[in-house]
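Please keep the sequence and the model open while you read.

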Amino acid sequence: MTKSELIDRLAQRFPQLVVRDAEEAVRVVLGAMTDALTHGGRIEIRGFGSFSLNYRPPRMGRNPKSGESVHVPGKYVPHFKSGKDLRDRVDVAPVPAAILKKAA
């Protein structure tokens, strides 16, 4: 699901919301999540999962085009860990045919 699909679905589910209001709500929520992670915080949504930051230490990488070694600096990357409820619901759900074709 894309951000615009989420906005459309919110507007359809809550008819009192104009699409512009649904867009603003999604923007505010995602902005708050981004701010929390930017300031080193952790986000936990019960039944869905949690977002945190993982540190990747500096390392030597390789340029795939030229093959030469390149220094890759350390950085923080977002990490998502799904909650038990989400894992259980996904495990029971039927697998779409498109995903089965990719696995083959």
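The points below go through the helices, then the strands, then one further helix residue.

1. **Ground rules.** This is a predicted model, in which local features need pLDDT of at least 70, side-chain atom pairs count only at pLDDT 80 or more, and totals for chains, interfaces and linings use all residues. Residues are numbered from 1 along each chain as its sequence is written, and side-chain values use heavy atoms, with hydrogens and water left out.

2. **The helix pair.** Two packed helices are described by the angle between their axes and the distance between the axes. Here the pair is α1 (residues 3-13) and α2 (residues 19-38). Helices are DSSP runs of H or I with at least four residues, strands are runs of E with at least two, and both are numbered from the N terminus. The axes of α1 and α2 come within 8 Å and cross at roughly 125°. Axes are lines fitted to C-alpha atoms, for helices over the stretch in contact, and angles run from 0 to 180 degrees between N-to-C directions. So α1 and α2 are oblique to each other. Under 35 degrees counts as roughly parallel, over 145 as roughly antiparallel, 65 to 115 as roughly perpendicular, and the rest as oblique.

3. **What meets at that crossing.** From α1 come Lys3, Leu6, Ile7, Leu10 and Ala11. They meet Val19, Ala22, Glu23, Val26 and Leu30 of α2. The residues of this contact divide into eight nonpolar, no polar and two charged. Ala, Val, Leu, Ile, Met, Phe, Trp, Tyr, Cys and Pro count as nonpolar, Asp, Glu, Lys and Arg as charged, and the others, Gly among them, as polar.

4. **Serine 50.** Find it in strand β2 (residues 49-56). Is serine 50 buried or exposed? Its relative accessibility is 10%, so serine 50 counts as buried. Buried means under 20% relative accessible area, exposed over 50%, and partly exposed in between (1.4 Å probe, protein chains only). Leaving out residues up to four places away in sequence, serine 50 touches Arg42, Ile43, Glu44, His79, Phe80 and Lys81. Contact means heavy atoms within 4.5 Å.

5. **Elsewhere in β2.** Serine 52 is in β2. Serine 52 is buried, at 19% relative accessible area. Arginine 56 is in β2. At 48% relative accessibility, arginine 56 counts as partly exposed. Beyond four places in sequence, arginine 56 touches Gly74, Lys75 and Val77.

6. **Two partners of serine 50.** Isoleucine 43 lies in strand β1 (residues 43-45). At 11% relative accessibility, isoleucine 43 is buried. Its contacts beyond four places in sequence include Met33, Ala36 and Leu37. Phenylalanine 80 is in strand β5 (residues 75-82). At 34% relative accessibility, phenylalanine 80 is partly exposed.

7. **Aspartate 85.** This residue is in helix α3 (residues 84-92). At 47% relative accessibility, aspartate 85 is partly exposed. Aspartate 85 and arginine 46 are 39 residues apart along the chain, and their C-alpha atoms are separated by 8.6 Å.
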